[in-house]
Amino acid sequence: MLRSLSGRFLILTVLFVMHAEVLIFVPSVARFRQDYLLSRLERAQIASLALLANDMIDADVEEELLRNAEVYNVVLRRDEARQLILSSPVPDEVSATYDMRMDGPWALMRDALTRLVDPAPRVIRVLGNPVREAGLLIEVTMPTEGLRVAMLDYGRRVLALSLVISVITSAFLFLAVRALLVRPIKRVIGQMQNYAAAPEDTRRIIEPTAGITELREAEQALKTLETELTNSLRQKERLAQLGGAVAKISHDLRNILTSAQLFTDRLEQSEDPTVLRLAPKLVNSITRAVNLCESTLAFGRAEEPAPRLTMVPLAELVGDVIEGERLAVGDADISFSEDIPATMTVRADPEQMHRVLLNLVRNARQAISATGDPGEISVRGEETEDAWMIRVTDTGPGLPKKAQEHLFTAFQGGTRKGGAGLGLVISAELVRGHGGWLSLEQTGPEGTHFVIHLPRRPDAMRAPEPRAA
Ligand SMILES: Nc1ncnc2c1ncn2[C@@H]1O[C@H](COP(=O)(O)OP(=O)(O)OP(=O)(O)O)[C@@H](O)[C@H]1O
Ligand SMILES: [Mg+2]
């Protein structure tokens, strides 16, 4: 309650209204006392006028008249010569005299407060003008108890009324603040939260609707901010996608160019002098292109296009890959073997599956070359009832720790000099696009074993296993 805007308004209003009521309390009590005393003078005047009717009244009647007027004595001065007097015993000395003809507002307030704070019963004398110019002066002596009781009673009623008024006012103000301030502010907050959940969605940008000028200005500023943010987010996203696409193109282009580089090496052994003359130029150009690709490979990644699935003879695909890699072996002692049932065909995009196999076989070849030891790489094809499996194994050193920790994470797992750390990520993504998954079955000093799982039923989509993607 104390922390909310409307709650604070409620409490502050009660305090302010009570404060205002206290300020008007003193003058109104003073006014009440004045009226009270004047009415006593008037009653006393009426009582004394009974004397006019018959000059001598007996003591009983006189006492009754005074009791009705609630005074002890009355002196009504009619003119310089005559005066009427009613009197009864006064129990105490007169403690104060108040002249109602002279007292200004400050004196009235002071006397009223004095009466309120003084609980002792006293006798006072009050002077005033007789009503209807019935004489020059009227003077009464009276007790204060009745006056004080009436003043206290009046004061209590004023305070109770103030309380009721302040509670009602505060309640209205509370509701008004809720409707005019809190609700619009909450709407803006809700809108901000909604926007924050998906800042790239232009439909979530705030539409200024507030009727309150200040709030509307805030909404307007927020709209500008959100629009700018959304635009820059979209731009950033597009740039990220572009970067990813460039990285992938560069990666595969480099692989293609590396193969071309190997073929051009052969051109240098040609007999034809023109070919011999041009070959080094070609090699240089391709080398430059490879370098360009490698330096471009510092950028993000993007989605691959959906594979165009056909039935592909696996032996042919694997044969192509191995032939290319054999050429790249150079001086190293690496042997390749393939064990694919002659009739085995898989449903795949031949171009994409070629890239996957090339990545796996090349990784193995590069890993073995780096050790300088002899090694073997084999590709095996297997069929089960609902899957095709292509196993790529090698006798290399196994994946370094970093590569295992960041397996299938772009740019993170690469440990090879000149490698981008994209090959496995791209391969895994391509296999996933086929509805299958790529898994690392085993890796260690005795070698590495990757498996490509492809579903036989076109609609089957498997959940990848741990350590697979
Ligand atoms: N068969 C393997 N044997 C040993 N280490 C491997 C093998 N395959 C992959 N690795 C390790 O995993 C890392 C990641 O391989 P990945 O193909 O993703 O990237 P890369 O080969 O470094 O670069 P590129 O993007 O050019 O392929 C490699 O750097 C290498 O250290
Ligand atoms: Mg690689």
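Modeller: What follows describes a pair of helices and then several individual residues in a predicted model.

The pair consists of helix α5, residues 213–267, and helix α8, residues 350–371. Two packed helices are described by the angle between their axes and the distance between the axes. Here the axes come within 12 Å and cross at roughly 70°. Angles of 65 to 115 degrees count as roughly perpendicular, and α5 and α8 are therefore roughly perpendicular to each other. On the α5 side, the residues at the meeting place are His251, Asp252, Asn255 and Ser259. Their counterparts in α8 are Arg355, Leu358, Asn359 and Arg362.

Two loop residues may be considered next. Glu70 lies in the loop that joins α2 (59–69) to β1 (73–77). Its phi is near 60°, a positive value in a residue other than glycine. With a relative accessible area of 36%, Glu70 is partly exposed. Pro91 belongs to the loop between β2 (83–87) and β3 (94–99), and its relative accessibility of 60% makes it exposed. Leaving aside residues up to four places away in sequence, Pro91 touches Tyr72 and Val123. The C-alpha atoms of Pro91 and Arg122 are separated by 9.4 Å, although these residues are 31 residues apart along the chain.

Finally, there is a nonpolar surface patch of about 500 Å², made by Leu2, Ile11, Leu12, Leu15 and Phe16. Of these, Ile11 is found in helix α1, residues 5–53, and is partly exposed at 35% relative accessibility.

Notes:
Residues numbered from 1 in each chain as written. Chains lettered and ligands numbered in written order. Predicted model: local features only at pLDDT ≥ 70, side-chain atom pairs only at ≥ 80, totals over all residues. Heavy atoms only, no water. Patch = residues over 30% accessible without salt bridge, like charges linked within 9 Å, V, L, I, M, F, W, Y side chains within 5 Å. Areas by Shrake-Rupley, 256 points an atom, 1.4 Å probe, with all protein chains shown as cover. Salt bridge = Lys/Arg side-chain N within 4 Å of Asp/Glu carboxyl O. Helix = DSSP H or I, 4+ residues; strand = E, 2+ residues; numbered from the N terminus. Buried < 20%, exposed > 50% of the residue type's maximum accessible area, 1.4 Å probe, protein only. Axes fitted to C-alpha atoms, helices over the stretch in contact; angles between N-to-C directions. Parallel < 35°, antiparallel > 145°, perpendicular 65-115°, else oblique. Contact = heavy atoms within 4.5 Å.
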